[in-house]
Amino acid sequence: MTARTAAGRPRDPAIDAAVLGAAVGLLGEAGYAAFAMEKVAARAGTTKAAIRRRWPVRQRLVIDALASVMVAPPVPDNGCTRCDLHQSVQLLAEALDERLPPGVLAPLLADCAADPELHRQLVEQLITPSRSAAATAVRRAVDRGDLLPGTDPALLTDLLASVVYQRALLGGAPVDRAGARALVDLLLRGVAVDFARLVRISEERDRDHRH
C-alpha cells in the first residue's frame, strides 16, 4: 500500500530522501541543538508544513535520518570465539563513530527519554540493529561450548556493548581495535584471583549484617 500523508496524498519518496539527506547534513554541520525543521525544509527544497505532515516532531525526523545512514555490522564468523568477539566490539564502535554525526546521539536520547514511544523508536532503529551482530556472535560462542554453560548471552552482549555506548554518549576516545581486544579479554579472563573466596567473604558479611 502506498504511504500517505495525513492529508491523504501519496508520499513522494524523492521528497522523503531529500529531507532525510538534508537532516543528516545539518546534524553533521551544526549538531542537535541547532537542528530546526525550517533549515531542513530550506535545504531539501520543500516546506516545513510538508515535513510536519511526515514527521510531526523533530525527534522522529532525526531518528529516521540517522537510521538512514546506519548500517548493521556484519556478523563475524571466524570459527574463533575470541576473534569474533573482538571484531564484534570493533564493528559496533565503527557503526556508531563513523556513521552517526558526533555529539548527536546523547542529546537525542535525552530528548526522547520522557516519551516512551519516541524512546522505543530510537532503540529499535538506532540501537538494536547495531548490536545484533555482537549478540549473534555471543550466542554462537555459547552454543559451541566456549563459554560457561550458565552464561547469559543477552547480559554478555550488554556488557560488551555498554563500553561502546558509554563512550558514544558520554564522550571519550572511541573503542579502537586495541580497546576492543582489551575489553573482550578482560571479560573472557575475569578479574578475580579467587572468585569463590570473594563470594564466601561477601556471604559471611551478609550474615553478620543480618544478625
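**Notebook: disulfide, pockets and core**

The model is predicted, and in it local features need pLDDT of at least 70, side-chain atom pairs count only at pLDDT 80 or more, and totals for chains, interfaces and linings use all residues. Residues are numbered from 1 along each chain as its sequence is written, and side-chain values use heavy atoms, with hydrogens and water left out.

**Entry 1: the cysteines**

I noted the rule: a disulfide is a pair of cysteine sulfur atoms within 2.5 Å. It is a covalent bond between the sulfur atoms of two cysteines. By this rule I count one disulfide. The link of Cys80 and Cys83 is right-handed, with 70° about the S-S bond.

Next I checked exposure, where buried means under 20% relative accessible area, exposed over 50%, and partly exposed in between (1.4 Å probe, protein chains only). Cys80 is partly exposed at 23%, and Cys83 is partly exposed at 36%. Cys112 is buried at 0%.

**Entry 2: the pockets**

I searched for pockets on a 1 Å grid over the protein atoms alone; a pocket is an open set of points where a 1.4 Å probe fits, with protein on both sides within 12 Å along at least five of seven lines, and lining residues have an atom within 4 Å of a point. Grid points are joined across faces, edges and corners, and a volume is the space filled by probe spheres set on the points.

The largest pocket holds about 340 Å³. Helix H8 (153–170) and helix H9 (177–189) are the elements that give two or more residues to its lining; helices are DSSP runs (H or I, at least four residues), numbered from the N terminus. H8 gives the most, with three residues. Asp146, Thr151 and Leu188 are among the lining residues.

The second largest pocket has a volume of about 240 Å³. I found 17 residues in its lining, with Leu96, Asp97, Pro102, Gly103 and Ala168 nearest its centre. Here the elements giving two or more residues are helix H5 (81–99) and H8.

**Entry 3: the core**

Leaving aside neighbours within four places in sequence, Leu61 is in contact with residues including Val19, Phe35, Val40 and Trp55.

Notes
Contact = heavy atoms within 4.5 Å.
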